[in-house]
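I opened this model to look up a few things about how its parts are packed, and I kept short notes as I went.

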Amino acid sequence: MYINFWYPVCKTGELTPDAPRRVELLGLNFVAFRDDGGAAHVLSDTCVHRGGALGLGQLVDGRVQCPYHGWQFGGDGRCVHIPSLPDTTPPARAKVDSYPVEERYGVVFAFLGDLPADERPPVCPVPEYGQDGWRASEIVVLDIDCYYERSMENGLDPAHNEFVHPRQGFPPMLEDTFEMQDDPWGARFWADFGDPVLELTEFAKDRNRTGELRAGSWFHGPNGLVTSIFVNRDSNLVQYFFEAPVNDSHTRIYFLNMRNWLLEPDKDERIMQTNLRIVKEDIGILEALWPVRTPPTLTREIMTPSDQVVVRFREQLAQWQSRGWQIDRHAMHDKHGDVAYAIPCPDRRASGNWVLDPVPLLAPEN
Ligand code: FES
Ligand SMILES: [Fe+2]
């Protein structure tokens, strides 16, 4: 798991000015809330007084109030009120990490890391969103008992379809059409497919010109996954999976489906049901993969040409590790229950005197 990327925290509608929301991400707890002006905030969940869970508290005047002794923290993470010291300004040390937030596509994203704004990767782009001729689904949340890298690699992998999703009627891939290109924060892989087995195909009547089935998949950062399917030259489904690594064995996915045909609202239900049936087929495979987390070297698996984008994903992860962004899970486990960690927020680069230790990171490689 990596710091310095945007992670989905919840759906926008799930954040109200009525109550804070406690969310686990990257094996740590966070509190998300909306202030009186409607702005969303995401803070580290651990109260710096004596360890209360801010996400279990309440909202008072647009601030989150710790359920233990009532200290109140604003959206910038600063404590502004200590009930037992009513006439005293809270000390400068009374602050928790506060993370940049963006609301896009019906999802609240938090930047979990300390990079300054001009060095941050963008939130996973959805160029079709809001464009004429495209229809967006509601965001659907999927909980899976698997490590998020396994889920990402499954979405990138073009070769599992004909076995895991036989009702799609996907024919074998045409290897000589494989095409991979790098993106600033990821890579894209495209392949053409031969004639589908029409009678088994979900969108058979739309796929009326054979030889036009083309599918691509790509990743943006460690946790943004996109699958694009051209069922014919004009009809395109683009599926966005904003993946939240809850911890090292559980993943929550915020799923957005974009389409440029069957645009009538009454088609939404049918398309989402088809998507969810397919996702369930994937979940059955993912939850049984062993080991739970991907092996540390390629020698523990056997890769083929259709796995090349999976290999590219792992190379990219290694690059982010070499920048010192990978969380040291083992060090974190060793101290579990003994040390409260926080993902360092951007303000840690400008000010010192933080109560919580920053999460342990694997040393950058030179
Ligand atoms: S632990 Fe939060 S106010 Fe005391
Ligand atoms: Fe799949």
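I looked up what lies over the buried residues of helix 3, and the cover includes strand 13 (140–144) and helix 1 (148–156). I keep in mind throughout that this is a predicted model. Helix 3 runs over residues 268–286, and its 19 residues reach 26 Å from the first C-alpha to the last, close to the 27 Å expected at 1.5 Å a residue. I noted V279, I283 and L286 as the buried residues of helix 3. Seen down the axis of helix 3, these buried residues fall within an arc of 55°, so they line one face of the helix. I recalled that an α-helix has 3.6 residues a turn, so residues three or four places apart point the same way. On the face turned away from the buried side of helix 3, I found the exposed residues R270, Q273, R277, K280 and G284.

I then asked which residues have the most contacts inside the largest nonpolar core. They are Y7, V9, L25, F30, A32, A110 and L112, in a core of 83 residues. Strand 18 (residues 236–247) gives the most to this core, with seven residues, and the core draws at least three residues from each of domain 1 (5–119) and domain 2 (135–318). For Y7, leaving out residues up to four places away in sequence, I listed contacts with L25, F109, A110, L112, N223 and A244.

I found strand 4 (residues 40–44) mostly covered, with four of its five residues buried. Strand 4 pairs with strand 3 (residues 28–34) in the antiparallel sense over five bridges, and S44 of strand 4 is the bridge partner of F30. Five residues lie between the strands of this hairpin, and among them I looked at G38, which takes a positive phi near 95°. Strand 4 also pairs with strand 9 (residues 98–99), again antiparallel, over two bridges, where V42 stands opposite Y99.

I traced an open sheet of four strands in the order 5-6-7-8, with antiparallel pairing. Strand 5 (58–60) and strand 8 (79–81) stand at the edges with a single partner strand each, so one side of each is left without a neighbour in the sheet.

Setting aside neighbours within four places in sequence, I recorded contacts of W325 with Y2, I3, N4, W320 and L361. I also looked up W325 and D266, which are 59 residues apart along the chain and have their C-alpha atoms separated by 44 Å.

How values were computed
Residues numbered from 1 in each chain as written. Chains lettered and ligands numbered in written order. Predicted model: local features only at pLDDT ≥ 70, side-chain atom pairs only at ≥ 80, totals over all residues. Buried ≥ 20, exposed ≤ 12 C-beta atoms within 10 Å, placed from the backbone. Pairing = 2+ DSSP bridges. Expected span 1.5 Å × (residues − 1). Arc of directions from axis to C-beta. Contact = placed C-beta atoms within 7 Å. Core = buried A, V, L, I, M, F, W, Y, C linked by C-beta atoms within 7 Å. Domains from an automatic or database assignment.
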